[in-house]
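I wrote down what I looked up, in the order I looked it up.

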Amino acid sequence: MSRVEILDKTGRFSNIALPLPSPDACIRSGTHAGTTLGPVAGRVENGRLQIPDRSLQLAQNEGRNHLHGGPGGLSRQVWQTVHARPDQVAYRLDLPDGLDGYPGNRTFWVGYALTGPAQLTIRYRVETDAPTPVSLSNHTYWNLSGDFAHPCTGHRLQIAARQACWNDQEHLPRGVLDVAGTPLDFTCSQEPAPHADHPQLHNALGYNNAYLLEGSPAVRLEHPASGRVLTMETDLPALVFYSGGYLAGEPLEGGCAAESAAFALEPQERPGLPALVLPGQPWERWIRLTFSAEQMPRQRFFT
């Protein structure tokens, strides 16, 4: 997704999704902005992943580690359009056995559909001819003010999770912590503080942690000044909140991004525990985004 334009409470449209300058930039950018992540989103230490009866050596594309599916991952591919209608579009991608170390000839489907007033639903489906690990996610960055030239301040965030993974200096999950009483606690709506004095926030110039979801909606992000609200529901068990600490200088439509110019909210399987997809047993998951604002009679989406 490269653009999502919605009204604010005054009736003014703004794009609230981080807009890279071209489709080619989306494929090449280290931000992975707007793309589908996979076959396994996130980091895998040393590229080593264990599945039943087999140890996989995945491509090491971030130093010694494997990141977001490797150099041939889903975010680096051009997908085939399966169908396109005014209210929905679907894409397909076929990847061969062994690419970046993943087993199985695999077929991936992603669908985007307007499923209600100001509501967008993303659906994933994966099929394989051999057991293979899967954890897909959407990597759109959001700034409800529509201003990507400045840090994403003035937002309030709520995440339905009492626990989050803590990371080491390589951003690898090393355990689970209770978020209560820390800047990582979003059980109640509060403004993110990426520069707060907390060891986890020093790792990634802000937040880059996986939250273990417990309820629905999974996320509520609001920007009181514009009146815009983003609510996210999903059947995935975890969500990475990345506050965009490394976005500074990223080329965008009409300029460059500021540090922490937008927030990525990435539903996915639990870190280190991708789903094992078997032949004849497709993997299916969904993410639902609902947008609202005062006096919002209509909306439009650009994907």
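**Entry 1: Val110**

I began with Val110, which is found in strand 10 (residues 106-116). Strands here are DSSP runs of E of at least two residues, numbered from the N terminus. The model is predicted, so I note its limits: local features need pLDDT of at least 70, side-chain atom pairs count only at pLDDT 80 or more, and totals for chains, interfaces and linings use all residues. Residues are numbered from 1 along each chain as its sequence is written, and side-chain values use heavy atoms, with hydrogens and water left out.

Is Val110 buried or exposed? I find Val110 buried, at 2% relative accessibility; buried means under 20% relative accessible area, exposed over 50%, and partly exposed in between, with a 1.4 Å probe and protein chains only. Leaving out residues up to four places away in sequence, I list its contacts (heavy atoms within 4.5 Å) as Thr36, Trp79, Val89, Ala90, Tyr91, Ile122, Arg123 and Tyr124. I also looked up Leu93: from Val110 it is 17 residues away in sequence and 8.8 Å away in space, C-alpha to C-alpha.

Next I traced an open sheet of six strands, in the order 14-24-21-18-16-17 and with antiparallel pairing. Strand 14 (141-142) and strand 17 (173-178) are at the edges; each has a single partner strand, so one side of each has no neighbour in the sheet. Two strands count as paired if DSSP finds at least two bridges between them.

I then checked strand 16 (residues 163-167) against strand 18 (residues 208-212), which pair in the antiparallel sense over two bridges. Gln163 stands opposite Leu212 in strand 18.

Asn208 also lies in strand 18. I have Asn208 as buried, at 15% relative accessibility. Which residues does Asn208 touch, not counting those up to four places away in sequence? My list for Asn208 is Arg43, Asn167, His171, Val240, Phe241 and Tyr242.

**Entry 2: salt bridges**

Side chains of opposite charge can pair when their charged atoms come close. I searched the whole structure for salt bridges and got 15. The criterion is a side-chain nitrogen of Lys or Arg within 4 Å of a carboxyl oxygen of Asp or Glu.

I looked at the bridge between Glu170 and Arg64, at 2.6 Å, N to O. This pair links distant parts of the chain, 106 residues apart: Glu170 is in the loop between strand 16 and strand 17, and Arg64 in the loop between strand 6 (54-57) and strand 7 (66-67). Glu170 is partly exposed at 31% relative accessibility, and Arg64 is partly exposed with a relative accessible area of 31%.

I then took the side chains of Glu214 and Arg162, which meet in a salt bridge at 2.6 Å, N to O. Glu214 lies in the loop between strand 18 and strand 19 (219-223) and Arg162 in the loop between strand 15 (156-159) and strand 16, so this bridge ties together parts 52 residues apart in sequence. I have Glu214 as partly exposed at 45% and Arg162 as exposed at 55%.

Last, I checked Glu269 and Arg285, whose closest N and O atoms are 3.4 Å apart in a salt bridge. Glu269 is in the loop between strand 24 (263-268) and strand 25 (275-277), while Arg285 is in strand 26 (residues 283-292), 16 residues apart. Glu269 is buried at 8%, whereas Arg285 is partly exposed at 23%. I close with a network: salt bridges that share partners join Glu45, Arg64, Asp168, Glu170 and Arg174.

Key
Helix = DSSP H or I, 4+ residues; strand = E, 2+ residues; numbered from the N terminus.
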